[in-house]
Structures are given as structure tokens and as C-alpha cells.
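Me: Hi! I'm new to this one, could you walk me through it?
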Amino acid sequence: MLKRICFCLLIFVSLASTAQEVSSYEIEKDYPVFLDQIKQELTYPMAWGNSPLKDFSIWRKTARATVLEAMLTPPPVASEYDMEVVSIEHRSGYEARKIRFNLSAYSRVPAYLLVPEGEGPFPAVVLLHDHGAHFSIGKEKMIRPFGVDSLVLSDADKWVHQCYDDQYVGDYLASKGYVVISIDALFWGERGRKEGVRYESQQALACSFEMLGRSWSGFISYEDMYTTDFLASLEEVDAGRIGCMGFSMGAYRSWMLSALSDKIKAGAAVCWLTTTEYQLSPDYGRGKGDSNYANVLPGLRRYLDYPHIASIACPKAMLFFNGRKDKLFPVPAVEDAYAQLHRVWKSQSADDKLITRLWDLPHFCSKEMQEEILAFFNKQLAN
């Protein structure tokens, strides 16, 4: 009897050992265990240089159409903007206006519009706010708010201290002669969640969009394009001299907008550019979490990676900055992406229009960066 019990125990131990040897899971650190196999299958056949299309203008048009297809159904265009000025504050050298206008047939949105003193029309910049997992404000991250609760102003001042070196980018540019506009992206600020800020609700919102045959990320980019169209319609604006700029998710929005809108003549992007190879990497990756729903388009990796999409902006003037100490976008990823951009601009004899630089900074948009961005816009848009 004892021998039989021992024999059974040996069989049980042997089976348990075998079960441990055969993996009982297929997810590790929130990645599929076959991640590397999938990445090897990403050949990016639509990228310039990979595509069979050899005429750059034809490639650019086709690649843009591919991105728009991945953005899914756009919001319907408003029949009229019907802009109203809600309030005005006079600042040193420019006027700050709180306005409302019909951004689409779905949404009438608040915005801040800064207009310089003097005779227009002026060059203009669309400012695109960051993500930051900070949703209580949006446009107020870029333009100093007025006529708001003291808590909103305090929130904005603290955010600008943390991310923008105590300088509101919009006010800085307006004081130098630019019309500036900034709106809240859907889910931020005055376009936020009725029940209050909740980080996890990004996933629920993105899921709702996809169940409706839409993309939340694509929706944001469409609205950035519509904002640019609205800005170009204003009498104070020279529609032939419009740029865009953003930090972090705003940088993603900026190079996306530059790639998708012909109304944008120059774009500046601070601290958001990588490649899928690095973004989805156990060593370097920061591609996990609800926040990435704001910049992921369904199925697009079958055709194009991030630098390939940004390259649709070529041969426009573009500026890309990143920090060497940026933990979200490590140096090898950024250098890889920058190299891909330069290959495209060089192929079009336009490399002199592409500025890329790594700063000895973390994930941050310093005053020195903003000063160089102003110089970039002055060269590309001011005359």
C-alpha cells in the first residue's frame, strides 16, 4: 500500500513539473509573449522608401489617405462657425479673447484666442495642449486663463511651472506678434467628464468610440484640423502663414496636424516622437496604459510607423526637440526616429528645413526651447 502511495506521488510531482515547463500564460508585463514575432512582421510597406510609389507628391497623397482611413469616420463639419466673443482682457501688446464657436456639427467649444495689437493680418499658431494625465485643464496649459475660478488659475499656473518653465507659450508668442488659438481636446478642461476627472475613463471613452466605428485619437486630430480651418477664416489671420506647436501629446498632435493639413506651413513638436520598436519594448517601452488611447489609430501599424506619418509633412519646415533625460522617450528611440525623418527630408533636398535636437533636459519645454521655437516661426512665418 505504501509503495502504491509513493508511486502515485511520484506521478503527481512529475505531472506538476511538466505543467510548469509548459507555459500556462501568454502575457508578461502587459505584453504578449509573442511580441517580438509580431514586431518582426511590421514591414511598414507604405513608408517612403518602402512603398513602390516613387513620385513623392503621389506617395504623400496616398500615405495621408492611409492615415485618414485609420482615423475612421470624421465628425461632421459645422455649417457655420458662428463665433461669439464671450469676454476680453487687454494684455501687454495683445488682446486675450475668450470665444465660442462651432468646431463641428457635434460641438460648440470654448477657446482662447490671442490677437496682437496693430494692423493685421498676422501670422498665427495653433497651440496643442499636452496630456500629462492631467485633465482638469486643457487650453489653459497653453494660454493664461482669465475670468475663471481661482482654483483654475492656480491649476494652470502650477502646470505651466511644472512643464513650461513658468511661461505660457501662447502669451509668449502673442507678445511677439502672433495670433494664437487653443481649444480643449475632448476629455480635457471644459470638454471633460461631467462626473469629474477619472484617469481610467480614457479607456471607456476610446472603447465607446471604436464601438461606434470611430476613433477617439482620430477624432482629436480631426478637431485639430477643424481648428486650423477656423483660424484661417479669421480676418486677423494671414491664412498663408499658420504654424502649430505642442509639447508631449501636444507634440504628437502637432506633427500629425502638420502631416494632415495643408494650411499648416510649419510645425514644432517638443518631446513626443518614437518608433514602435522602442515604444513596445520591455527595456525601453512606455507604450502601456490608458493614456496611449489618445494617440493610437486602429490598424495603422500595418502600413506606417510614427516617423513615417510625421514624414508626410515633408518638405514643410519642421522642428523636433526632445530631452536626453526624458524617461518617456529614451534617446535611442528618438535618435532612430530623427534619423528616419532626415532620410525623407534629404530625399527631397529639404533637409535644411528640418530641425532636430536633443537637449540636456527631462520631459520638459523650457524657456530656451520656446525661444528657439519663436526664432523658427519668425524665419518660416513672420515674413
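Reply: Happy to! Helix α4 gives the largest share of the lining of the second largest pocket, three residues. This is a predicted model, where local features need pLDDT of at least 70, side-chain atom pairs count only at pLDDT 80 or more, and totals for chains, interfaces and linings use all residues. Residues are numbered from 1 along each chain as its sequence is written, and side-chain values use heavy atoms, leaving out hydrogens and water.

Me: Which residues are closest to the centre of the second largest pocket?
Reply: Of the 25 residues that line the pocket, those are Ser248, Trp272, Leu328, Phe329 and His363.

Me: And what is the lining of the second largest pocket like by class?
Reply: The lining has 12 nonpolar, 10 polar and three charged residues.

Me: Switching to α8: how many of its residues are buried?
Reply: In α8, 12 of its 12 residues are buried (under 20% relative accessible area, with a 1.4 Å probe and protein chains only). Among them are Tyr252, Arg253 and Trp255.

Me: What about the sheet, what's the strand order?
Reply: The open sheet of nine strands runs β3-β4-β5-β7-β6-β8-β9-β10-β11, with mixed pairing (two strands pair if DSSP finds at least two bridges between them). At the edges are β3 (84-91) and β11 (354-359), each pairing on one side only.

Me: How many bridges join β10 to β11?
Reply: Six bridges join β10 (residues 317-323) to β11, and the two strands run parallel. Phenylalanine 320 stands opposite threonine 356 in β11.

Key:
Buried < 20%, exposed > 50% of the residue type's maximum accessible area, 1.4 Å probe, protein only. Helix = DSSP H or I, 4+ residues; strand = E, 2+ residues; numbered from the N terminus. 1 Å grid on protein atoms, 1.4 Å probe; cavity = no way out; pocket = protein on both sides within 12 Å on 5 of 7 lines; lining within 4 Å. Nonpolar A, V, L, I, M, F, W, Y, C, P; charged D, E, K, R; others polar.
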